[in-house]
Amino acid sequence: MTTDTASDETRVDLDIDATTTIPQLTAGAPATLVAREVSAWFGNHQVLDNVDLTMAAGQVTALIGPSGCGKSTFLRILNRMHELVPGASLAGEILLDGQDIYDLDRRPIESRRRIGMVFQKANPFPTMSVHDNVLAGLRLTGRKTPGKNGAAELVERSLRSAGLWEEVKARLGTPGSSLSGGQQQRLCIARALAVRPDVLLMDEPCSALDPTSTRRVEETIRSIAGEVTVVIVTHNMQQAQRVSDNCAFFLAAEGQPGYIVEQGPTGELFENPRDERTSDYVNGRFG
Amino acid sequence: MTSTIDSGVAGPPPLKDDKLFADQDFRTSRRTSAAERPRVRTGGVSTELVTHVASAGLGALALVWLVYERLVPVTGTIGFWLVWYAVFIVMLAAVSATTLDRMAVTDRVVGALVTTAGMVMVSALAGIVVFTFVRGKGALSHSNFFHETMAYYGPDAGLDKGGIYAAMVGTFEMVAISMVISVPLGIATAVYLSEVRGRIARVVRVVVEAMTAVPTIVAGLFIYSMLIIELGQERSGFAASLALSVSMIPVVTTTAEVVLRLVPNGLREASLALGTTQWQTVRRVVLPTARPGLVTAVLLGVARIIGETSPVLLVAGSTNELNYDPFHGPQISLPLFVFTGMRQPLDVAISRAFGAGIVLLTLVVIFFALARIIGGRAPGHTSRRQQRRFARNARALTTTPGEQP
């Protein structure tokens, strides 16, 4: 509830930012991501069971559900971060515009370049300035930024898309870690957007932020939707309602793998859930 | 909260409840400013503590003196002070018990014991430094000590002749070559241990940890039998550097691995999620973030080997001649100079040895100070140099037109 009251106070200046956002950040069109019969394990422990989900191009899909039901694992499967955990394995396929990203011929880094990720904890590179953090995706992978002005333009566009430009334009040279927590998280979003991904995954991006920063990140998500497909994990029901077009409700019984109970347009899922468990969860009766 | 949106876009709307702030303004204008107000003393030394310690100390001294000098026929300074300390602790406990409860007495006694341990450590170190300095200052006061060698003088030559130049050259070259060998190898191994992991990495870690315990004389023997006896190489500073590297690599590796593990995993994931390869992540994110700590690792490794004597004696031989070439012919190092000087039954030679000891101590202190200055920070902390670089970049960026059409 505090989220709503606090964000009302700051709506005035937020809207300015939203209108100044430069459209058409991504080069390619947002891509549809389809998960087919995805199961996942850590060692012998199964954490996901036969998850089917279509994340429509240019829309925001929210993954909701109580802790430990495999939402984050599912999200990390979507850009091949899951396999970095020792002992992790999975079954099923993830189709990015019809092509399986787990195809043996495709290298993980290709998929990760097209499917960006923002983490729960803001993690700007501490040895780089704000400016360099935004360009990190290009520089780390050895790709050239298009000329000197091209780099400046890309930095500005990415920061504007993340709703951070006005706040940091005077101190692009300061370390990324010198920003406040909310600014750091938006810097991470700008960094992920600068490589022009087709899909952006967000793992509880607001869980460590105060209401004002949360509000700004949500504004950012709404403004980039359409240019990029967004998949967001959140524990916050109101947030899921505010930002997402579609919703998937995950659930796991004690010690059992997680699965999707119900999925569909957000409005429908919240107003008129088909499953009783969904109704209980979205109305705060458990979880 | 305001700081996050303090952006120049538009100020946050004023809070309805202005009374709070008006009240604060009133308080700050009327009262003295915080800087002028006296601070409450916390954790200071109370008069009671001073009285208790002093009375226990004096009482113990009087009692032990009485026992030693008048009652029991024993003598000996060390014994006297050991007995005094034991009596002092007992008396301190007894005196404290007059005003404090049992737990507070225990607290005070343990405090006294721990403080003593710290003071013994510091005074032992100070003793070594002062003693070395007093014995060696005769040699140090002659400038020829630093730029001449013992090639043309016997060990009985006066302090105004000869010096440690050859030993300084030898130490410098051996340490430099050891660094060239150990730093890349040690840090590469650390990267392997912390970034690649797996079963083989565990074996490697055990081996590296075992290597830290290999006595340098054994490392020297190994190089001696392999390089000099088996392969027929001559004794040289390079051979000594190889032996020293055996000691230096594990120190660099273990320290560097700890430092690399301190780099938050979130940074690695952030980098990988941008589509980088593991090598790009290590080179552009992990190593730069850990850089201050890696410098510490290198300097600790240097400090470990700079004072080593036995491997140098075994494989580099010992010579009074100045030899710049580390690959051919024997070389001498500072610790070896100390060793040879000490064996002479001559005051001048011993004085020179102490002088070389001071130079060696100074070098070690310089290395440790450097390690503290460069690396005494958590990973991710921006050094002053980085901050300057950031500031420079900031100026360059803000002077170029920021607004795009």
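Author: Happy to! Domain bounds come from an automatic or database domain assignment. This is a predicted model, where local features need pLDDT of at least 70, side-chain atom pairs count only at pLDDT 80 or more, and totals for chains, interfaces and linings use all residues. Residues are numbered from 1 along each chain as its sequence is written, while chains are lettered from A and ligands numbered from 1 in the order in which they are written.

Reader: How far apart do the C-alpha centres of domain 1 and domain 2 of chain B lie?

Author: In chain B, domain 1 covers 47-139 and domain 2 covers 165-393. Their contact takes 7 residues from domain 1 of chain B and 7 residues from domain 2 of chain B, with contact meaning C-beta atoms, placed from the backbone, within 7 Å. The C-alpha centres of the two domains are separated by 40 Å.

Reader: Which residue is the bridge partner of Trp41(A) in S4(A)?

Author: Strands here are DSSP runs (E, at least two residues), numbered from the N terminus, as are helices (H or I, at least four). Strands pair if DSSP finds at least two bridges between them. Strand S1 (residues 33-42) of chain A runs antiparallel to strand S4 (residues 88-96) of chain A, over 8 bridges. In S4(A), the partner of Trp41(A) is Ser89(A).

Reader: Which residue in the turn between S4(A) and S5(A) has a positive phi?

Author: S4(A) is joined by 2 bridges to strand S5 (residues 99-100) of chain A, in antiparallel fashion, and Leu96(A) stands opposite Gln99(A). The two strands form a hairpin with 2 residues between them. The turn residue with a positive phi, about 50 degrees, is Asp97(A).

Definitions and conventions
Two residues are in contact if their C-beta atoms, placed from the backbone, lie within 7 Å.
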